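Subject: Structure handover

Hello,

Here is the structure you are taking over. Please have it open while you read the notes below it.

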Amino acid sequence: MDRRVFPNSPISQSQRGFTITELLIVLTLMGILSAISMPTLKGFAATRQLKSSAYTVRSLLTFARDMAITDRAAYLVVFDLDNDRCWLASSETFNPSSPLASALTAQNSTAVNASTTNTNVNPLATANSAQQDGARARAGGILGVPYAMEKNVVLAAMVTNQNGRTVQADSGTGYIYFSPTATSEEALIYLQNSRNQIMSVAVEAASGRVTVRQLAAEEIETLGL
C-alpha cells in the first residue's frame, strides 16, 4: 500500500504550519494594538503615581495632627518645593528661619524623668509621662526623614494662611503647623504629574482635618498651574 501523503490529503492540511506572511500579519496587528493601548497605560500609571503621592502627603499631615494631640506638643510638616519632598518636624527642634535644617537632623524630644529620690512622685503624672514617651518614640522614627514624591510628580504650589495673610509659593520651602488642640492653619498643597493632572491636599484650620481631591480641567485652567 502506498503510504505517501498527497498535497491535498487531510493529513497534509492538519500538519500545515503558519506561513511567514501570516506571522508578519499577526505581529503587525499586535504592534498596532500595543501602540493604541500604550497611551492609556501610561495615563493610568501617571494617575496612580499622582494619587499615591497625594495620599502619602495626607497620611503625613494626619500623623502630624494626631501626634500633636497625643504628645501635647506642636508638630509641623515641612515642604521642600524645589526638591519635591516633605517631612515631619517637631516644634522643639524646628527653626522657622532655616526649615531645611529640620530634614534628617531633627531629633526626638526628650521627656523629663521623675527623680527616683523624690518620695512625692504622683503616680498619675508618672503614667502620663510614660504614655507621652511612647508617643514621642513613635514620632521619633520618622522625624526629619524626607518623603519624596512619586516619579514625574511635583509639588506644584502651596497656599497657606498665616496670621490672616494668604501666601502662595511655587518654590522654596513652606510648612504647616499643628497645635496640641488639633487646630492648624488653612492650607492647600497642589501636586502635579506629567500629564498636567493636579490633586489638592487641603488642611482645615479649625479641626486640622486633611482632605484630598483631584481637580477638574476647568479648575486647573483657573489656577494657571
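Helices (H or I, at least four residues) and strands (E, at least two) are DSSP runs here, numbered from the N terminus. In those terms the chain reads α-α-β-β-α-β-β-β-β-β-β-β-α along the sequence, with four helices and nine strands.

This is a predicted model, in which local features need pLDDT of at least 70 and side-chain atom pairs count only at pLDDT 80 or more, while totals for chains, interfaces and linings use all residues. Residues are numbered from 1 along each chain as its sequence is written, and side-chain values use heavy atoms, with hydrogens and water left out.

The chain as a whole

Of the 225 residues in the chain, 35% are buried. Buried means under 20% relative accessible area, exposed means over 50%, and partly exposed lies in between (1.4 Å probe, protein chains only). The chain exposes about 13,700 Å², and 56% of that comes from carbon and sulfur atoms. These areas come from the Shrake-Rupley method with a 1.4 Å probe; for residues, only the protein chains shown count as cover. A contact means heavy atoms within 4.5 Å. Among contacts with a separation of 6 or more, 61% are between residues 24 or more positions apart.

The sheet

Two strands pair if DSSP finds at least two bridges between them. Four strands form an open sheet in the order E3-E2-E1-E6, with antiparallel pairing. Its edge strands, each pairing on one side only, are E3 (147-148) and E6 (173-178). Strands of a sheet pair through backbone hydrogen bonds.

E1 (residues 75-80) and E2 (residues 85-90) are joined by six bridges in the antiparallel sense. The hairpin of E1 and E2 has four residues between the strands, and in it aspartate 84 takes a positive phi near 55°. E2 also pairs with E3, again antiparallel, over two bridges; cysteine 86 stands opposite tyrosine 147 in E3. Five of the six residues of E2 are buried.

Salt bridges

How many salt bridges does the structure hold? There are four, a salt bridge being a side-chain nitrogen of Lys or Arg within 4 Å of a carboxyl oxygen of Asp or Glu.

- Aspartate 80 and arginine 85 have their closest N and O atoms 3.0 Å apart. The two also stand opposite each other, arginine 85 being in E2. Aspartate 80 is buried because its relative accessible area is 2%, whereas arginine 85, at 23%, is partly exposed.
- Glutamate 219 and arginine 213 meet at 2.6 Å, N to O. Both count as partly exposed, glutamate 219 at 29% relative accessibility and arginine 213 at 43%.
- Glutamate 204 and arginine 209 have their closest N and O atoms 3.8 Å apart. Glutamate 204 is partly exposed at 32% relative accessibility.

Valine 57

Is valine 57 buried or exposed? With 0% relative accessibility, valine 57 counts as buried. Its place is in helix H2 (residues 20-71). Leaving aside neighbours within four places in sequence, valine 57 is in contact with Phe79, Cys86, Met149, Leu191 and Val201. Valine 57 and valine 212 lie 155 residues apart in sequence, and their C-alpha atoms are 9.3 Å apart in space.

Regards
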